[in-house]
Amino acid sequence: MNRNAIHAIAAAIVTLSLAASGLFAEGRTDLLHLSHVHRGGGKLERPDNTLETFLWCWGNGSALECDCRRTKDGVGIMLHDKTLKRTARGISAAMADRLVSEDLTWDEIKDVDVGSYLDPQYSSERIPTIEATFAAMKGRPKWLCFVDEKGAGPEYIAAKAREAGVLDQVYYTGQDYEKALEWNKATGGGKTLIWIGTWPKPKHNAADIARFEEHFEKKMDEMRANGFRGVSAVSLHTYYKPDADEPFVPREEYLRKIIAEFHSHGIPVCSIPFRGGDKEEVYFKLHELGCDGFSTDYPSVMFSVIRKLREKAADEDLSNRDIWHDGLPPPEAD
């Protein structure tokens, strides 16, 4: 029996026991709070990585993913790109091309408009510091933040989260498993989310499917070698094209297998559909495949799906209670 078959059988056995206990049961909704919006505002709905965007996201009941790097003078900021070229307005072309972490200080960038690239109504929005972001979370334990590290360093982010008193609300996020372990060590067991994906975007053909699944297996092997130590959650990059012979890349069969393996280690699974994410259908299908939550570039679509999943679960729970009240006994207590 080959190694993949052994992994699949072991994962299936443990996942069945976990499902029986309710942790990863079918129809589950208790882990949907791990769902988060890519860069806080997604692709088109709100500007990237601004405090106003973060507040909008949290206000909609969602967690968020943001990006942390440091300026030339060491100030931690939330900014995805290496330069200001894509998101900044009202600055010179020369400044737009300069590397933020190597060439620009906080004083030089703190008043730059990073909102009106999307729409003039956001022209007052600015780059937030890591301190301002974490300060907004303090006292609001349900406001979660998935910090994708862009050079700030695990120890720096951990220190800032600890200073703000929000360490338990922060997930160190990225594809680098070794850095996640550094974070885990620096925080004494802090939370992590490992994302798994590769580029370029795939076509739904055999070659690209194989390329993606090979990459996924390579990342899985890194974690398997350590018994999945230090992994609190994962986010899988998926692509959905309903009219293709294989609608999902990676394939549905493969996704079910690795989701079961993660569940066998008590690890919740999210997925970001980089293709098809503008349609509710894909999120429902991912949930059926076993995903516990989502990430998205289309926040309003994801918010709607989460509401519907929770409403359905609430209706089913009420229906079950009605059955018991009609004279049928409730399930036996463990």
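User: How many aromatic pairs does a search of the whole structure find?

Analyst: Rings of Phe, Tyr and Trp (its six-membered ring) count as a pair if their centres lie within 6.5 Å. This is a predicted model, in which local features need pLDDT of at least 70 and side-chain atom pairs count only at pLDDT 80 or more, while totals for chains, interfaces and linings use all residues. Residues are numbered from 1 along each chain as its sequence is written, and side-chain values use heavy atoms, with hydrogens and water left out. The number of aromatic pairs found is 13.

User: Which geometry does the aromatic pair of Phe212 and Tyr239 have?

Analyst: Planes under 30 degrees apart count as stacked, over 60 as edge-to-face and the rest as tilted. The centres of Phe212 and Tyr239 are 5.5 Å apart and the planes stand at 85°, and the pair is edge-to-face.

User: Why does the pair of Phe212 and Tyr239 tie together separate parts of the sequence, and how many residues apart are they?

Analyst: Helices (H or I, at least four residues) and strands (E, at least two) are DSSP runs, numbered from the N terminus. Phe212 belongs to helix H9 (residues 206-224) and Tyr239 to strand E7 (residues 233-240), so the parts tied together are apart in sequence by 27 residues.

User: Is Tyr283 buried or exposed?

Analyst: Buried means under 20% relative accessible area, exposed over 50%, and partly exposed in between (1.4 Å probe, protein chains only). Tyr283 has a relative accessible area of 0%, so Tyr283 is buried.
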